Amino acid sequence: MSVLSGKKILLGVTGGIAAYKTTYLVRLLIKAGATVKVVMTPAARDFVTPLTLSTLSKHPVLTHFTNEEDENDTWNNHVELGLWADLIIIAPATANTISKMVNGTIDNLLLATYCSAKCSVYFAPAMDLDMYKHPSTTANFDKLASYGNLMIPAGDGELASGLSGKGRMAEPEEIIQFIEQHIESQLPLRGKTCLITAGPTYEAIDPVRFIGNHSSGKMGAAIAMELATQGARVHLIMGPSHVVCQHELIDRVNIKSAQQMYDAVHEIINVVDVAIFSAAVADYRPSNPADQKIKKKSDTLTIKLVKNPDILASVGAMEKKPFLVGFALETDNELEHAFAKVEKKQTDLLILNSMRDKGAGFGVDTNKITIIDKDKNTSTIETKPKTEVAKDIINEIIKRIL
Ligand code: CTP
């Protein structure tokens, strides 16, 4: 999945022949999962039509501060637009627009929006070769970089003037690749390896029956996705679950029993920076699972159970251990039980769920949690979707490990 997925992108198109390439750029951004709004300078409309870009972006294309053709004339609020954007791309960026960006000249909606924005701004220059290397242009490039703007350098090749040299706007694919790589390089968990256990475990009674629980694996999958979104390499060790959890940074190992989960965890725990144990592990397993299906011969059946290894506690007891996060699902005396688990399992953070809270626990898409640190400080997060809870948990971890 692209890091541009879910991002709100404002594309500023200025008046150069390369403006025609922005039709393809918009398509690629949308394909990457971004929401795109386009602002054009008046000159850009000579090179590509607003209709094309509004059709591709599925949003009206804005150029002026007011919509003159509209009899119910509305004000296009550049401040709102600038704050809406997660990132701005100005492509093509002409020498004229670049000069105005440097000097704070605001004579159109795009420049007003640029000056109002707080997000990252990428610009892809496009101009003739002599303009590109003119001292005023190179000085402006440097000034824009000093303001924190990110330049996507032009390429070499044939130019609209018929001359050949540097000045061709980077191709749409190159623009996307540049921005993706830049965002990835800024992700807080880049370079970190994380492990997460999730879902239930099934403990075999015989070849067709098992002891299990109602865990869906949704919370663990949401955490795995959030870890990957923040740039971590993720080892997801998942019990039987239908939950789909796909990301190029997630390596999923499917297991069934607690013992298999224990083995999978200990195979990689030494290379892990953060380990999160959200699985609902069966505490006991049948001591002697039958090889054949058990027939109902008698009125009662006794199955002897033996204790499973406590995977979280086994990692908590390691001399050199990763940052450790456990979960606790309780039905009564929640805090008291959770505090005992912090000590017993030596967690850095413990995420407490109470079965008494509406909208928390197994199967549902929401959760309500209390985060407990190793000094037993607590903070409660009200009921919200598991994907949002996952963000809160990961932000709490990031605050403590970086
Ligand atoms: N856990 C584990 N291995 C086990 C049991 C639990 O890794 N065999 C982990 C869970 O993934 C969770 C934490 O320990 O992060 C607490 O699990 P929980 O079931 O609430 O606690 P238990 O230790 O099983 O205690 P009890 O069932 O008595 O409340």
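Asn 108 caps the N-terminal end of helix α5, where a side-chain oxygen of Asn 108 lies 3.1 Å from the backbone nitrogen of Leu 110. The structure described here is a predicted model. Helix α5 spans residues 109-116 and is mostly covered, seven of its eight residues being buried. The buried residues of α5 are Leu 109, Leu 110, Leu 111, Ala 112, Thr 113, Tyr 114 and Ser 116.

The chain is divided into domain 1, covering residues 8-186, and domain 2, covering residues 193-401, and the C-alpha centres of domain 1 and domain 2 lie 46 Å apart. At another helix, α1 (residues 22-31), attention falls on Thr 23, which lies within that element. The side chain of Thr 23 reaches the backbone oxygen of Tyr 20 at 2.8 Å, and, when neighbours within four places in sequence are left aside, Thr 23 is in contact with Val 48, Thr 52, Leu 53 and Leu 56. The C-alpha atoms of Thr 23 and Thr 55 are separated by 9.7 Å, although these two residues are 32 residues apart along the chain. A cis peptide bond, with omega of about -10°, joins Ala 91 and Pro 92, and Pro 92 is found in strand β3, which comprises residues 87-93.

A search of the whole structure finds 18 salt bridges. In one of them, the side chains of Lys 374 and Asp 348 meet with an N to O distance of 3.4 Å. Lys 374 lies in the loop between β18 (366-373) and β19 (378-385), whereas Asp 348 lies in the loop between α12 (334-345) and β17 (349-354), so the pair ties together parts that are 26 residues apart in sequence.

Asp 357 counts as partly exposed, at 24% relative accessibility. A further salt bridge is formed by Asp 373 with Arg 400, the closest N and O atoms being 3.7 Å apart. Because Asp 373 lies in strand β18 and Arg 400 in helix α13 (residues 386-401), this pair ties together parts that are 27 residues apart in sequence. Asp 373 is buried, with a relative accessible area of 9%, while Arg 400 is partly exposed, with a relative accessible area of 40%. Asp 373 and Arg 400 also belong, together with Glu 396 and Lys 399, to a network of salt bridges.

Another residue of strand β18 is Asn 367, which is buried, with a relative accessible area of 2%. The side chain of Asn 367 makes a polar contact with the side chain of Asn 353 at 3.1 Å. With neighbours within four places in sequence left aside, the residues in contact with Asn 367 include Met 219, Gly 359, Ala 360, Glu 382, Thr 383 and Val 389.

Two residues other than glycine have a positive phi in the loops considered above. Gln 346, with a phi of about 55°, has its place in the loop between α12 and β17 and counts as partly exposed at 40% relative accessibility. Lys 376, with a phi near 70°, lies in the loop between β18 and β19 and likewise counts as partly exposed, at 28% relative accessibility.

Of the 14 residues around the ligand, Phe 277, Ala 279, Phe 327, Lys 341 and Lys 345 come nearest. A backbone N or O atom of Phe 277 lies 2.6 Å from an oxygen atom of the ligand, and a polar side-chain atom of Lys 341 lies 2.8 Å from an oxygen atom of the ligand. A nitrogen atom of the ligand, in turn, is 3.0 Å from a polar backbone atom of Ile 311. The protein covers 78% of the 570 Å² of accessible area that the ligand has on its own.

Definitions and conventions: Residues numbered from 1 in each chain as written. Predicted model: local features only at pLDDT ≥ 70, side-chain atom pairs only at ≥ 80, totals over all residues. Heavy atoms only, no water. Salt bridge = Lys/Arg side-chain N within 4 Å of Asp/Glu carboxyl O. Helix = DSSP H or I, 4+ residues; strand = E, 2+ residues; numbered from the N terminus. Buried < 20%, exposed > 50% of the residue type's maximum accessible area, 1.4 Å probe, protein only. Domains from an automatic or database assignment. Near = heavy atom within 4 Å. Polar contact = N/O pair within 3.5 Å; in protein donor to acceptor, adjacent residues only side chain to side chain. Areas by Shrake-Rupley, 256 points an atom, 1.4 Å probe, with all protein chains shown as cover. Contact = heavy atoms within 4.5 Å.
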